[in-house]
Amino acid sequence: MRPSNRSTESCVVPALGAHDVDDGERGSAALEFILLGLLLLVPIVYLIVALGLVQGQSLGAEAAARHIARAVSTAADDADARSRADAVLSSVSDEYDLDHVDLSIVCTPAGAACPRAGATIHITVRTTVALPLVPPVLGLDELASIPVEATAVQKVSRFWSER
């Protein structure tokens with residue numbers, strides 16, 4: 001009668017000297033795993049760092065636009081609005097480590113002084129993020145920078161005064 005389970009069949013045990021043969025592939029799987037692991041790990045870590053920098057700068061630009069819009073729209077007059085905008089921009093730039101910030105303030109409807117009572121203020125903050133480990137040789141740091149832009153809109157109170 002034939003056994004129903006293959007595990008009960010007799011198996012051949014290799015002789016003690018069978019492993020002494022020089023095998024060129026022995027131990028190379030661990031080496032290949034380590035080598036491929038490092039080759040894949042380095043770009044993934046670089047990507048995570050670069051995306052973290054872009055996210056941090058975009059959060060900073062968004063915070064600057066939002067806070068400047070609110071500060072300008074609640075200011076008492078034009079001089080106060082300008083000083084508030086400068087103070088908020090320098091504070092947010094220091095907090096989020098923003099470099100080369102470009103600030104644009106536009107009011108609608110156009111044609112009158114900005115800010116004014118009842119106007120809508122459009123604040124745009126632009127900055128660039130330099131990718132890590134890019135050398136400043138031949139302008140590569142300029143080419144390997146990512147532009148970030150944030151916009152905020154705020155309505156000025158109709159009781160705003162222009163003294």
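A salt bridge is counted here when a side-chain nitrogen of Lys or Arg lies within 4 Å of a carboxyl oxygen of Asp or Glu. The model under study is predicted.

**Exercise 1. Decide whether Asp 78 and Arg 82 form a salt bridge, and describe their setting.**

Step 1. Side chains of opposite charge can pair when their charged atoms come close.

Step 2. The N to O distance between the side chains of Asp 78 and Arg 82 is 3.6 Å. The cut-off is 4 Å, and the two side chains do meet in a salt bridge.

Step 3. Both residues belong to helix α2, which covers residues 78–96. They are four residues apart, about one turn of the helix.

Step 4. For accessibility, a residue is exposed over 50% relative accessible area, buried under 20%, and partly exposed in between. Asp 78, at 32%, is therefore partly exposed, whereas Arg 82, at 53%, is exposed.

Step 5. By the stated rule, the count of salt bridges comes to five.

**Exercise 2. Identify the salt-bridge partners of Arg 126 and state which parts of the chain they link.**

Step 1. One partner is Asp 102, with a distance of 3.7 Å from N to O. This pair links distant parts of the chain, since Asp 102 lies in strand β1 (residues 102–108) and Arg 126 in strand β2 (residues 120–130), 24 residues apart.

Step 2. Another partner is Glu 149, where the closest N and O atoms are 3.0 Å apart. Here too the pair links distant parts of the chain: Glu 149 is in strand β3 (residues 145–155), 23 residues from Arg 126 in strand β2.

Step 3. Through shared partners, the salt bridges join Asp 102, Arg 126 and Glu 149 into one network.

Step 4. Glu 149, at 53%, counts as exposed.

**Exercise 3. Describe the nonpolar patch on the surface and the accessibility of the protein.**

Step 1. The patch consists of Phe 33, Ile 34, Leu 38, Leu 41, Val 45, Val 49 and Leu 53, which together have about 670 Å² of accessible area.

Step 2. One of these residues, Val 49, is found in helix α1 (residues 28–73). Val 49 is partly exposed, because its relative accessible area is 42%.

Step 3. The protein exposes about 11800 Å², and carbon and sulfur atoms supply 61% of that area. Of its 163 residues, 24% count as buried.

Step 4. Among contacts between residues at least 6 apart in sequence, 63% join residues at least 24 apart.

Key: Residues are numbered from 1 along each chain as its sequence is written. This is a predicted model: local features need pLDDT of at least 70, side-chain atom pairs count only at pLDDT 80 or more; totals for chains, interfaces and linings use all residues. Side-chain values use heavy atoms; hydrogens and water are left out. Patches are made of residues with over 30% relative accessible area and no salt bridge: like charges are joined within 9 Å, nonpolar side chains (Val, Leu, Ile, Met, Phe, Trp, Tyr) within 5 Å. Accessible areas come from the Shrake-Rupley method with a 1.4 Å probe; for residues, only the protein chains shown count as cover. Helices (H or I, at least four residues) and strands (E, at least two) are DSSP runs, numbered from the N terminus. Buried means under 20% relative accessible area, exposed over 50%, partly exposed in between (1.4 Å probe, protein chains only). Contact means heavy atoms within 4.5 Å.
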